[in-house]
Amino acid sequence: GLLRTAEHRDLYNQIQTSRGMLLAELGRYSEAAPLLERSLESDSAEIDMNGVLHNLGLSYLQLGRRAAAKEIFERLLREGVRADLEPSTRLYLGDAYFHEGAYAKAMMEFEWCLAHAGEHKIPTPYLYKWLAVTARALGV
């Protein structure tokens, strides 16, 4: 179609990226992941790569692809995650670490979240649950 022509490729990519982001926000992770994966190949300055990576990582986590999610969240932190996405990025990374048995790494991420809970509106009951199960796994 018209949007697949070379002169409209950026617009097409932006629309597909927006679809992927919305699908992830709606919890339709299996539909979102392929669209977000294709968005990573785009060189358009109009695409919010932080948002794409964050939603792709969340999609992978929800689909049980924890190793892939961990790689995405580590990449986000390494490359400079947007401030508004850092708390959930660290929380999800802690989840991925926990499920691979890297309890000390998980605890570090959850402790970061606890230290920043007030400024970022992190749900503390949820966070305390993670801290408790991680401490137990560490034998603390």
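Leaving aside its neighbours within four places in sequence, which residues is Leu 61 in contact with? Keep that question in mind while we look around this predicted model.

## The overall picture

The protein has eight helices and zero strands. Read from the N terminus, its elements run α-α-α-α-α-α-α-α. Its C-alpha atoms fill a box of roughly 60 × 30 × 25 Å, taken along the principal axes.

Of the 140 residues in the protein, 44% are buried. Now take the contacts between residues at least 6 apart in sequence: 46% of them join residues at least 24 apart.

## Back to Leu 61

You will find Leu 61 in helix 3. Setting aside the neighbours within four places in sequence, Leu 61 is in contact with Arg 66, Ala 69, Phe 73, Tyr 92, Asp 95 and Ala 96.

Is Leu 61 buried or exposed? Its relative accessible area is 6%, and buried means under 20%, so Leu 61 counts as buried.

## The nonpolar core

How many residues does the largest nonpolar core have? The count is 39, and the residues with the most contacts inside this core are Leu 36, Phe 73, Phe 110 and Leu 127. At least two core residues come from each of these elements: helix 1 (9-25), helix 2 (29-39), helix 3 (49-62), helix 4 (66-79), helix 5 (86-99), helix 6 (103-115) and helix 8 (124-138).

Apart from its neighbours within four places in sequence, Phe 110 is in contact with Leu 91, Gly 94, Asp 95, Leu 127, Trp 130, Leu 131 and Thr 134.

## Helix 1 meets helix 3

Two packed helices are described by the angle between their axes and the distance between the axes. For helix 1 and helix 3, the axes come within 10 Å and cross at roughly 45°. That angle makes helix 1 oblique to helix 3, and the crossing is left-handed.

Which residues of helix 1 and helix 3 meet? Helix 1 brings Thr 17, Met 21, Ala 24 and Glu 25, while helix 3 brings Gly 51, Val 52, Asn 55 and Ser 59. Sorted by class, this contact has three nonpolar, four polar and one charged residues.

## Helix 2 meets helix 3

The axes of helix 2 and helix 3 come within 9 Å and cross at roughly 140°. Why are they called oblique rather than roughly antiparallel? Roughly antiparallel needs an angle over 145 degrees, so helix 2 and helix 3 are oblique to each other. Helix 2 also passes helix 3 in a left-handed crossing.

From helix 2, Tyr 29, Ala 32, Ala 33, Leu 36, Glu 37 and Ser 39 take part; they meet Met 49, Val 52, Asn 55, Leu 56, Leu 58, Ser 59, Tyr 60 and Gln 62 in helix 3. By class, the residues of this contact divide into nine nonpolar, four polar and one charged.

Finally, look at the buried residues of helix 2, which are Tyr 29, Ala 32, Ala 33, Leu 35, Leu 36 and Ser 39. What do they pack against? The buried residues of helix 2 pack against helix 1 and helix 3.

Technical notes:
Residues numbered from 1 in each chain as written. Predicted model: local features only at pLDDT ≥ 70, side-chain atom pairs only at ≥ 80, totals over all residues. Heavy atoms only, no water. Core = buried A, V, L, I, M, F, W, Y, C linked by side-chain atoms within 4.5 Å. Buried < 20%, exposed > 50% of the residue type's maximum accessible area, 1.4 Å probe, protein only. Helix = DSSP H or I, 4+ residues; strand = E, 2+ residues; numbered from the N terminus. Contact = heavy atoms within 4.5 Å. Axes fitted to C-alpha atoms, helices over the stretch in contact; angles between N-to-C directions. Parallel < 35°, antiparallel > 145°, perpendicular 65-115°, else oblique. Left-handed = near helix turned anticlockwise from the far one by under 90°. Nonpolar A, V, L, I, M, F, W, Y, C, P; charged D, E, K, R; others polar.
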